[in-house]
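Please look at the sequence and the structure below before reading on.

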Amino acid sequence: MQIPDYFKFFNKTRIVSGKKSLENIPYELQSMDAVKPLVITDKRSVDEGLVKILIDAYGDSGLVIGAVFDGVTAYTSAKTVLDAARLFRARGCDSIISIGGESCAFAAKALNLLVSHKTEDLLQFDSLPDNMHLCPFIVIPTSDSSGRETSTRSVIDGRIYESDELMPDIAVIDPRMLKKRGKAETILPALRAMAEAVEACTEDAANPMNDSFAFASIQLICENLAAAVNGGSVKSVLGLANGIAISGIVWSNAPEGIGSALAEELAVRTGNSRELCAAVLLPHTLDYKLKNTKKSVRGELLLPVAGIDRYCAAAETERGLLGVEAVFEIVKGMNKYIPVTLKELNIPRYILESTAEAVEDSFAKQYGKGGALMILESAYNGERVSGGKK
Amino acid sequence: MNINKYPEIKSGGKLIKKIYVAVMLWIVGRAIQAASRVDREVKEEFGRLSDDFMMHLHVLPSGPGMIVGKDKNGKVKYMGWNPKGKKITLDMKVKNIEGAMLMFTFQESTCVASANNRLAVSGNVPDTMAFIRILNIVETYLLPKIITSFAVKRYPKWSQMSPMRKYAGRVLVYVRTFTF
């Protein structure tokens, strides 16, 4: 196990997962001295009946839901947050419940900043301290979740707000809230979450605490992805949702890796989703690290990705390579449903160069000059990274 | 923004579920009292508990519940549902009515319910464990094997509870539960 000279790990979020876990929300809120939450969500969650499930779960609690604000859209704006804050104050609410994907959670986190600091100006939060006193905040992930719900980050109008305190107090993962989605919609957030967890434990600064969360996240995703995509059991869908939720905690405790930086930059430049770019780049980033970095890829990665049998059967020196191959297998196995090369996304080559240039400066010291472009080139053709060790 | 578009939502009631759980708690409470007179093991378990033992098992936030405890003479008694004026030494709370339904429809055993974080307990851990053991014995008397095996961690073997003890005890517990 890798242990750096110095590390820190923070997790504020308690995960409550399983059958009828929504029914625990009134109890959990009361234990945090809160009785009247504002539910913040989007139209899709209302249309799918998710809000109704929550209201039914509230039955017999004797508590009141302040209001259900369903005005969140895919792009979270300050205006939306301000509207929610006015509603929160008008109804005398004292806590927040977010139902839905990352946009709902981002809006809820920003709302929490506004109402806890009794202000209407989000721009005043230039830099956030890690010791704020915020309202109780519960996240209910749905099938739209990307993992960022449990993270320390909120993005409003393209502006990033980050603090340890922005993590939700509780993430309630109930199978009733995980509705069936299209195959691509199921695969992409899961692969992005996996990419982030894999990247976190292949960084030099990886620490044992974050590793344990990352391995749990990777294992849950790898074990349940195929079953969940093929309309598998409730258990597999729940396992996948847990893996995705844990990846947000992992991501918050790890430095940004070259893979996620490239995926972010590529998504901005091409208009493809971040999830798709992260999924395509994941195996190639790992392959590059395996062959071209001093520390290579840790052999421990094979355990969560491929399972105990393959891990034990492999020689210690081979485990890193086999781990990378297992990741290739998983991503290529999804080629029926999603594109797995940049060529299939019709991205012109000149964009690869400009993307690599934008990312290069931050990572050149760690991965050498030309590393970013090499990853993109191999992801373009879907070929293995050339050079380095085998 | 029109605030009236977003009304307050009051939580509804779950009357039928509450009635079902109330009836089950009444039967179990009465059966514990009966078993404490009929079954040697239950008698011994209660004997090891303090003289002021009083257990309140209830569903949050507003019931139903049951109270079982020792009276002045040290006899185990079912004492109804209202904790007012009673000195509770062991407070077992089921966090919500749905959790109670899972337990009392035997979809989850008491142990699994505890593991699934459906119960909150204030009191001594040894007292709680003793009470869970008593509950398991009482359920064995009250219910047929096929249902009890869902409700308890391990169904007692022949060597632990002979058929003679089980069937004779069952008759006596039922008679005492529903008569006096």
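## Overall form of chain A

The model described here is predicted. Chain A has 390 residues, and a compact globule of that length would have a radius of gyration near 21 Å; the chain has 21 Å, so its value agrees with that of a compact globule. Along the principal axes, the C-alpha atoms of chain A fill a box of roughly 65 × 45 × 45 Å.

The secondary structure of chain A consists of 15 helices and nine strands. Of its 390 residues, 53% count as buried.

## Two domains in chain A

The domain assignment divides chain A into domain 1, residues 14-177, and domain 2, residues 183-381. Taken over C-alpha atoms, the centres of these two domains of chain A are separated by 28 Å.

The two domains touch each other, with 15 residues from domain 1 of chain A and 17 residues from domain 2 of chain A taking part in the contact. On the domain 1 side, β1 (14-17) and β9 (170-173) of chain A each supply at least two residues. By class, this side of domain 1 of chain A, the one that touches domain 2, has six nonpolar, seven polar and two charged residues.

## Contact between the chains

How many residues does each chain give to the contact between chain A and chain B? Chain A contributes 23 residues and chain B contributes 21 residues. On the chain B side, the elements that give two or more residues are β1 (9-10) and α3 (97-104) of chain B. The largest share of that side, four residues, comes from α3(B). Sorted by class, the residues of chain B that touch chain A are nine nonpolar, seven polar and five charged.

The two chains are also joined through strand pairing. Strand β3 of chain A, residues 64-65, runs antiparallel to β1(B), and two bridges join them. In this pairing, A:V64 stands opposite B:K10, a residue of β1(B).

## Local backbone features

In chain A, two lysines deserve a look. A:K20 has a positive phi of about 60 degrees although it is not a glycine. The residue lies in the loop between β1 and α1 (25-31) of chain A. Is A:K20 buried or partly exposed? A:K20 has 19 other C-beta atoms within 10 Å, and a residue needs 20 or more to count as buried, so A:K20 is partly exposed.

A:K118 is likewise not a glycine, and has a positive phi of about 50 degrees. Its place is the loop between α5 (102-116) and β6 (137-140) of chain A.

Chain B has a cis peptide bond, which runs from B:L60 to B:P61 and has omega near 0 degrees. B:P61 is found in the loop between β2 (54-59) and β3 (65-70) of chain B.

Methods:
Residues numbered from 1 in each chain as written. Chains lettered and ligands numbered in written order. Predicted model: local features only at pLDDT ≥ 70, side-chain atom pairs only at ≥ 80, totals over all residues. Contact = placed C-beta atoms within 7 Å. Nonpolar A, V, L, I, M, F, W, Y, C, P; charged D, E, K, R; others polar. Pairing = 2+ DSSP bridges. Rg over C-alpha atoms; globule rule 2.2 N^0.38 Å. Buried ≥ 20, exposed ≤ 12 C-beta atoms within 10 Å, placed from the backbone. Domains from an automatic or database assignment.
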